Amino acid sequence: MGGVFAVIFIFCNLLLLPYPSSSLPLCTDSRAPLTLKSALEFCSYNGSSCCNSTEDSQLQKQFQAMNISDTSCASLVQSVLCARCDPFSSKLFTIYSVPRPVPLLCNSTISRSSSQSSQATTDFCSDIWDTCQNVSIFNSPFAPSLQGQAGAPVNSKFTKLTELWQSKTEFCNVFGGASTAESVCYDGEPVTLNKTGTPSAPHGLCLEKIGNGSYLDMVAHPDGSNRAFFSNQRGQIWLATIPKVGGTLELDESNPFIDLTDQVHFDTAFGMMGIAFHPNFAQNGRFFASFNCDKGKSPGCTGRCSCNSDVNCDPSKLGTDNGAQPCQYQSVIAEYTANGSTSQPSSAENAKPSEVRRIFTMGLPFTSQHGGQILFGPTDGYLYFMMGDGGGVGDPYNFSQNKKSVLGKIMRLDVNKIPSTAEINRLGLWGNYSIPTDNPFRQDEELLPEIWAFGLRNPWRCSFDSERPSYFMCGDVGENLYEEVDIISKGGNYGWRVYEGLYPFDPTLSPGGNTSVNSISPILPVMGYNHSEVNKKIGSASIIGGHFYRSNTDPCMYGRYLYADLYAGAIWAATEDPENSGNFSTSTIPFSCARDSPLQCSTVPESALAALGYIYSFGQDNSKDIYLLTSSGVYRVATPSRCNYTCSKENVTAVASPGPTTSPPSHANQLSPVILLSALLLFMAGLA
């Protein structure tokens with residue numbers, strides 16, 4: 001009977017194991033691969049690798065200590081050790097969250113559903129056994145150290161495979177495996193993935209206008225309903241009901257969910273930059289706002305200046321910027337609650353504008369490039385905070401590369417565990433939050449504990465893929481040449497101000513010192529565009545990071561990453577090929593308004609493009625539909641046929657026909673050039 005319970009217990013635990021994550025290039029310590037300046041000497045990796053020259057040397061010493069006399073066996077063992085340097089080493093060395101002493105060795109042909117190259121058809125596990133079975137290998141990596149596996153005792157002095165394992169079958173049952181759709185195996189060469197041919201771009205993006213308001217951020221209600229929160233730059237948040245096809249956004253502008261305009265400093269580049277609702281908001285009522293305050297007008301606006309002695313910066317030497325003193329304006333994250341208005345936070349329609357807790361406060365050195373988006377990680381529940389380099393031409397104080405500065409960084413904070421005052425002072429924290437135990441400072445002691453990634457200029461709109469949370473995408477605004485999208489990884493350095501996207505950057509001012517090109521291994525963007533690609537006369541303004549499209553509304557857009565430019569002259573759809581490889585191809589796609597749009601759309605003169613004004617952000621609801629938040633209103637991606645776009649995957653007969661709606665007069669949606677220019681000035685300085 002006890003045996004039956006044991007089997008049930010093991011089976012239940014297997015059910016709890018997470019599914020293998022997709023094969024995104026990732027190292028065993030969850031960091032993105034390095035970009036090598038030159039090939040490694042011991043391990044045959046160049047271009048991209050999970051090892052630097054020091055780690056390469058350590059592997060060589062480990063190999064030499066094995067004292068392998070047979071050259072053929074030695075060559076195979078060397079390649080196995082060097083798999084630690086493979087850009088896909090995280091998947092090679094971790095199966096079902098269990099670390100392995102050696103990579104998963106290919107011992108059968110590739111699954112048809114796998115994207116791995118056909119080179120992995122060799123039975124590499126058998127090759128190792130056949131070549132090395134009677135060769136002495138001291139401190140063998142093939143000792144039976146995998147928990148629960150048969151073989152010789154772990155502490156034995158045996159050195160040969162035939163002494164450690166009873167047979168080739170037993171050996172390969174432990175160390176071998178096949179490549180599948182969710183994993184990769186190692187065949188003695190760097191992992192490569194098949195390219196299946198870039199799928200053709202969709203014919204166009206169809207939009208329907210569902211609201212006239214202009215908003216900066218949108219967050220789906222955490223209770224999973226058809227509701228979402230919308231916020232503007234002035235400091236107001238509204239709770240809205242998302243309409244079905246043919247309906248308009250149900251939102252009462254006169255009755256905001258919360259009004260923080262008395263706390264928010266709103267002026268050109270400043271305002272409320274982001275909102276985030278706790279994953280358990282429906283139970284605890286907790287939500288957060290990221291905004292700017294003016295310490296000359298608000299008594300609670302009293303954060304430390306980010307220009308300080310820790311980062312070799314003296315605020316008295318900065319001078320004024322647009323009439324403001326250094327650190328006159330602050331970047332704030334504050335916590336609020338909906339508990340006071342109802343016993344069930346999920347049904348709350350209003351919240352009091354009284355802070356529950358100040359999470360973060362920091363003085364800004366200049367008046368631009370301070371990001372401000374906040375969002376909760378879908379798997380870890382931590383709060384991510386996107387912060388720009390603080391402004392100035394070319395990040396003059398090199399804050400983004402300075403590991404003691406929180407400027408030009410993505411921070412990761414635990415807001416569920418509030419530290420004591422002693423803990424805040426001991427760690428030098430900027431507010432009331434704790435540090436997640438797996439933040440990268442534990443691997444890099446020079447990093448401030450808040451930092452998750454660095455080397456960014458002004459991250460504007462980041463998102464996690466709803467199907468693959470390991471894909472954390474951020475649009476990063478360029479200086480004057482290149483706009484980029486990055487896959488953010490733990491401890492990643494994204495190059496600014498040594499690089500602007502793909503290009504080396506030559507700063508004109510360097511009072512804070514320089515970082516040499518050879519001293520860093522930046523992670524390059526996976527997609528982006530040159531300024532001249534959008535408008536050859538005036539260039540582009542700023543990138544607007546978007547989302548992976550995961551709705552069934554437009555089946556031809558499914559799985560593509562959508563992003564845009566502030567000027568709304570172009571929207572891009574990026575396709576990953578092969579899937580889960582991190583390799584993207586991008587193309588601009590035309591966009592127009594549905595002929596039966598609930599609210600009438602205007603068009604760009606002499607063009608079929610919808611006149612969106614300026615695109616501020618993308619949004620996503622609980623049905624995974626995608627929204628564009630623009631200066632001219634709120635738009636939702638609609639079925640292609642409503643714009644006469646062809647999509648072979650669309651079942652046109654199943655598309656719901658919108659009911660009759662009353663459209664406002666055409667002039668109601670025509671924004672004057674003065675209004676558009678004002679909207680641009682109020683927003684653009686924060687992105688530039």
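A residue counts as buried when its relative accessible area is under 20%. Cys293 comes in at 2%, so it is buried, and Cys301, at 1%, is buried too. In this predicted model, these two cysteines are joined by a disulfide, with 2.0 Å from S to S. The link of Cys293 and Cys301 is right-handed, with 85° about the S-S bond.

Another of them connects Cys307 and Cys313, with an S to S distance of 1.9 Å. Here the angle about the S-S bond is -90°, and the link is left-handed. Cys307 has a relative accessible area of 1% and is buried; Cys313 is buried as well, at 5%.

Cys462 sits in strand β21 (residues 459–464) and Cys474 in strand β22 (residues 472–476), so the bond ties together parts that are twelve residues apart in sequence. Cys462, with a relative accessible area of 5%, is buried, and Cys474 is buried at 0%.

Now for the surface. A nonpolar patch there is formed by Leu481, Leu502, Tyr503 and Leu524, which together have about 310 Å² of accessible area. One of these, Leu502, lies in the loop between β24 (499–500) and β25 (503–504). Leu502 has a relative accessible area of 43%, so it counts as partly exposed.

Key:
Residues are numbered from 1 along each chain as its sequence is written. This is a predicted model: local features need pLDDT of at least 70, side-chain atom pairs count only at pLDDT 80 or more; totals for chains, interfaces and linings use all residues. Side-chain values use heavy atoms; hydrogens and water are left out. Patches are made of residues with over 30% relative accessible area and no salt bridge: like charges are joined within 9 Å, nonpolar side chains (Val, Leu, Ile, Met, Phe, Trp, Tyr) within 5 Å. Accessible areas come from the Shrake-Rupley method with a 1.4 Å probe; for residues, only the protein chains shown count as cover. A salt bridge is a side-chain nitrogen of Lys or Arg within 4 Å of a carboxyl oxygen of Asp or Glu. Helices (H or I, at least four residues) and strands (E, at least two) are DSSP runs, numbered from the N terminus. Buried means under 20% relative accessible area, exposed over 50%, partly exposed in between (1.4 Å probe, protein chains only). A disulfide is a pair of cysteine sulfur atoms within 2.5 Å.
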